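This briefing covers a single structure and is organised by topic. Please examine the sequence and the coordinates below before reading on.

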Amino acid sequence: MSAEIREAIRAQALTMGFDAVGFAEARLAEAARTDLAEYIGRGYHGDMGWLAHTAERRGDPRALWSEARSVVVLGLNYGDDDPLAAEPDGESGVISVYARGQDYHDTVKKRLKALARWVAERWPGELKVFVDTAPVMEKPLAQQAGIGWQGKHTNLVSRGFGSWLFLGEIYLSLELEPDLREEDHCGGCRRCLDACPTDAFPAPYKLDARRCISYLTIEHKGPIPHELRPLIGNRIFGCDDCLAVCPWNKFAQAGHEPAFLPRVELTAPRLAELARLDDAGFRAMFAGTSVKRTGRNRFLRNVLTAIGNAPEPTPELVAAARQCLDDASPLVRGAAVWAFGRIAEPRLAAAAAEACLPGESDPDVRTEWLRLLAPVEYSRAP
Ligand code: B12
Ligand code: SF4
Ligand code: SF4
């Protein structure tokens, strides 16, 4: 009977538009828990304090919900053309593929709830729906459910969809027969490790999130560490490099979910225009997308980092960075000092320092100015 229910749920999930479906016991291997503890112990989570606070529930589905017996893991394909194929034009920013359409949390959650309702109408027991923001280790669960394996870049790779699956889960109190765990098919490959612009993998299958551009541009709240800024290039929200180089993407299929189709204005947006967004403009441009979660100030910090990395700065980019030197947000002003110092002529940078530094009260922004005026001294600093 358990296998019959499982197959009925699988068929219904596929009918509802999920691309991958697997079943796992509501338990994680001890290794997932000890790995998470070591990751946090080393501080690799940076300022994602919520990862540490919820570690116990994250590492054990039954600590999250004691009645859980089975987990249905679901994947939605957001595959697109190769994101690395687009030629950078020096004046545009890159938003990661996953964030170019509508916020995936909304789409995945809506569909998970519909499937959960369908299950609840047919079989007894309780159920709960989770996606991304819930304290669940989604990738190890997905591997247990046979949807794919955690590659050396730590993300789930699927034989049918490559790197491009969003994940979500339904926890059930019903006991269902699990699927077979997927094996690791990375073999001797290390393309993702070598492709990372910031060298964020201390070893295969291990990520130091503090160096990951996705963390730095989305989760990290303060100024971006100086030594990493030049390596970020023009990535202004997330990063796809390690995912995009995976050879298993040759089996990937284009996604069919209309909500994930890229919005035109989020594909190669112009940096100078983004740098002029005020709060209302930011909210209007990114309403309904994942980008809105950074808020305007953090996003402008990213845009200014990309402007500072522009290979051939145009007068428009220089003017945009100059305007941000007077921004109300210290985070934006600090990033603007760095960008302006990199792309403006030295005499313009010196004049701007003379105009802005005396009135600057924020210690971080003052340090940015002093760094700009005495780079040698600061390069010697520990
Ligand atoms: C925190 C988080 C991040 C953080 C940290 C990522 C990370 N790998 O830890 C940041 C902000 C960097 C991030 C980035 C991205 N994320 Co994210 N993220 C999450 C989140 C919320 C939790 C992941 C987690 O538990 N990390 C803790 C580590 C320890 O666990 P793990 O990643 O499973 O790693 C395992 C092993 O590799 C090993 N390990 C990894 N690092 C280390 C280090 C040490 C020292 C040790 C001992 C072991 C170890 O331990 C784990 C268990 O064995 C999940 C959603 C969820 N609730 O699960 C989404 C999720 C993983 N993210 C997702 C996506 C799409 C991304 C990005 C691709 C977005 C983008 N394009 O910018 C990037 C990819 C970067 C990358 N190479 O991982 C998807 C991945 C889907 C998939 N197919 O795998 C998820 C599942 C969200 C979703 N519901 O779809 N993310
Ligand atoms: S997302 Fe980018 S920065 Fe982060 S690990 Fe992958 S390649 Fe490196
Ligand atoms: S690029 Fe290679 S090593 Fe990295 S996840 Fe894909 S197959 Fe594994």
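**Briefing on the model**

The chain is divided into domain 1 (2–80 + 100–172) and domain 2 (271–382). The C-alpha centres of these two domains, domain 1 and domain 2, lie 39 Å apart. The model is predicted.

**The open sheet**

- Four strands form an open sheet in the order β1-β2-β7-β4, and their pairing is antiparallel.
- The edge positions are held by β1 (20–25) and β4 (127–130); each has a single partner strand, so one side of each is left without a neighbour in the sheet.
- On average, and with direction ignored, neighbouring strands of this sheet are turned by 20 degrees against each other.
- Strand β1 is joined to strand β2 (residues 70–77) by six bridges, and the two run antiparallel.
- Ala20 has Gly75 in β2 as its bridge partner.
- Packed on the sheet is helix α1 (residues 2–15), which touches β1 and β2; the direction of α1 makes about 150 degrees with that of β1.

**Packing of α14 and α15**

- Helix α14 (residues 315–324) packs with helix α15 (residues 330–343) at an angle of about 145 degrees, and their axes are 8 Å apart.
- The crossing of α14 and α15 is left-handed.
- From α14, the residues Leu317, Val318, Ala321, Arg322 and Cys324 take part in the contact; they meet Val332, Arg333, Ala336, Ala339, Phe340 and Ile343 of α15.
- Sorted by class, the contact of α14 with α15 consists of nine nonpolar and two charged residues, with no polar ones.

- Ligand 1 has 41 residues around it, of which Asp35, Glu138, Leu156, Ser214 and Gly238 come nearest.
- Two or more residues of this shell are given by each of α2 (30–41), α7 (138–144), β7 (165–172), α9 and α10.
- Helix α2 supplies the largest share of the shell around ligand 1, with six residues.
- The shell around ligand 1 comprises 25 nonpolar, seven polar and nine charged residues.

**Surroundings of ligand 2**

- Ligand 2 is surrounded by 13 residues, the closest being Cys196, Cys212, Cys239, Asp241 and Cys242.
- The elements giving two or more residues to the shell around ligand 2 are α9 (213–219) and α10 (241–244).
- By class, the shell around ligand 2 holds nine nonpolar residues, three polar residues and one charged residue.

Key
Residues are numbered from 1 along each chain as its sequence is written. Chains are lettered from A and ligands numbered from 1 in the order in which they are written. This is a predicted model: local features need pLDDT of at least 70, side-chain atom pairs count only at pLDDT 80 or more; totals for chains, interfaces and linings use all residues. Axes are lines fitted to C-alpha atoms, for helices over the stretch in contact, and angles run from 0 to 180 degrees between N-to-C directions. A crossing is left-handed if the near helix is turned anticlockwise from the far one by less than a right angle, and right-handed if clockwise. Two residues are in contact if their C-beta atoms, placed from the backbone, lie within 7 Å. Ala, Val, Leu, Ile, Met, Phe, Trp, Tyr, Cys and Pro count as nonpolar, Asp, Glu, Lys and Arg as charged, and the others, Gly among them, as polar. A residue is near a molecule or strand if its C-beta atom, placed from the backbone, lies within 6 Å of it. Domain bounds come from an automatic or database domain assignment. Two strands pair if DSSP finds at least two bridges between them.
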